[in-house]
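Here's a quick briefing on one protein model. Keep the 3D view open and click along as you read.

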Amino acid sequence: MVEEQRDRGRAPEVFTLNRVSPEWQRSDMEPDTTEQLKVRRTDDKEKSNNGLGCCGLILVIISFFLMLITFPFSIWLCIKIVKEYERAIIFRLGRILAGGAKGPGLFFVLPCTDSFVKVDMRTISFDIPPQEILTKDSVTVSVDGVVYYRVQNAILAVANITNADSATRLLAQTTLRNVLGTKNLSQILSDREEIAHNMQTTLDVATDEWGIKVERVEIKDVKLPVQLQRAMAAEAEASREARAKVIAAEGEMNASRALKEAAIVISEAPAALQLRYLQTLTTIAAEKNSTIVFPLPMDLIQNIMGARK
């Protein structure tokens, strides 16, 4: 009886453990199963993308057989050449052929089932048309620039977008408007390098899905309205005149202080005044003047007049 009661008392504990343990196992296994499902789905997509199906395989075999029959002449249709700066994307029955972009050099295509698209991998530059932009401080300016970019991934540039060149041009115009619309006029005129760097980062992130790499962005010219140019010129001229007057006043003040100190020194030594007269005469005589005015001290004149009396 005691063992039965013990067994009865233990039964609920075993039951609870059996209920909890599967949930714990499921929670641990859920991430693995989800990752496996994702991997399987991607594998299935790749298989479906790479597979041509029965009809596709039949068409490829027929095309290859026709090429063999007309071998001396079909060789000119099957062998293609791309240059050093180009890559070729081959489409077989509408699907991109495995192996990525072909080139540079020779590559082989089937005459009836394959088609290819050439992609230029060189750096391309284009001018951003002048954009009328309203700055943060409500000033209308016209700004233009230049963008340098290149195709980094030829497959993405062909498969993910219709025209990568046109899309990059339009995106550069809108990015220029968006970036400069958050800046003041003084920031646009002084922080061109920072603005160009921000534009380059924004364009590079946006065009990454298209296989485009934006290498450099430059702000060429900032055109201001004529009235604003006149107002800024008048403001600059007024500020320069104010600085000139302040500098002249400071110079006169410093000169007066120096003259005061010199007068104090000369008053202590009367002979210094005579030396100053002689120095002045030397300076005047060096200029070859016909008339020389020689100042005489009043004390000397009074002494001469007193002697005559």
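Let's start with an open sheet of 3 strands, in the order β3-β2-β5, with antiparallel pairing. β3 (95-96) and β5 (114-120) are the edge strands with a single partner strand each, so one side of each has no neighbour in the sheet. Keep in mind that this is a predicted model.

**How the strands pair**

- In general, the strands of a sheet pair through backbone hydrogen bonds, and they can do that either parallel or antiparallel.
- If you want to find a bridge by eye, go to phenylalanine 91, whose bridge partner in β3 is isoleucine 96.
- Over to the other partner: β2 and β5 also run antiparallel, and 7 bridges join them.

**Between and around the strands**

- The hairpin of β2 and β3 has 2 residues between the strands, and leucine 93 in this hairpin takes a positive phi near 55°.
- Is β2 mostly covered or mostly open? It's mostly covered, as 6 of its 7 residues are buried.

**Rings that pair up**

- How many aromatic pairs does a search of the whole structure find? The search turns up 2.
- One is phenylalanine 107 with phenylalanine 116: their ring centres are 5.4 Å apart and their planes meet at 80°, so the pair counts as edge-to-face.
- Why edge-to-face? The cut-off for that label is over 60 degrees between the planes, and this pair's planes are at 80°.
- Phenylalanine 107 is buried, with a relative accessible area of 7%, while phenylalanine 116 is partly exposed, at 28%.
- Phenylalanine 126 and tyrosine 149 also make an edge-to-face aromatic pair, with 5.8 Å centre to centre and 70° between the planes.
- This pair links distant parts of the chain, 23 residues apart: phenylalanine 126 belongs to strand β6 (residues 124-134) and tyrosine 149 to strand β7 (residues 140-151).
- Are phenylalanine 126 and tyrosine 149 buried or exposed? Both are buried.

**A charge over a ring**

- Last stop: find tyrosine 85 and look at what sits over its ring, namely the charged end of arginine 122, 3.8 Å from the ring's centre.

Terms used. Residues are numbered from 1 along each chain as its sequence is written. This is a predicted model: local features need pLDDT of at least 70, side-chain atom pairs count only at pLDDT 80 or more; totals for chains, interfaces and linings use all residues. Side-chain values use heavy atoms; hydrogens and water are left out. Two strands pair if DSSP finds at least two bridges between them. Helices (H or I, at least four residues) and strands (E, at least two) are DSSP runs, numbered from the N terminus. Buried means under 20% relative accessible area, exposed over 50%, partly exposed in between (1.4 Å probe, protein chains only). Rings of Phe, Tyr and Trp (its six-membered ring) pair if their centres lie within 6.5 Å; planes under 30 degrees apart count as stacked, over 60 as edge-to-face and the rest as tilted. A charge sits over a ring if NZ of Lys or CZ of Arg is within 6 Å of the ring centre and within 35 degrees of the ring normal.
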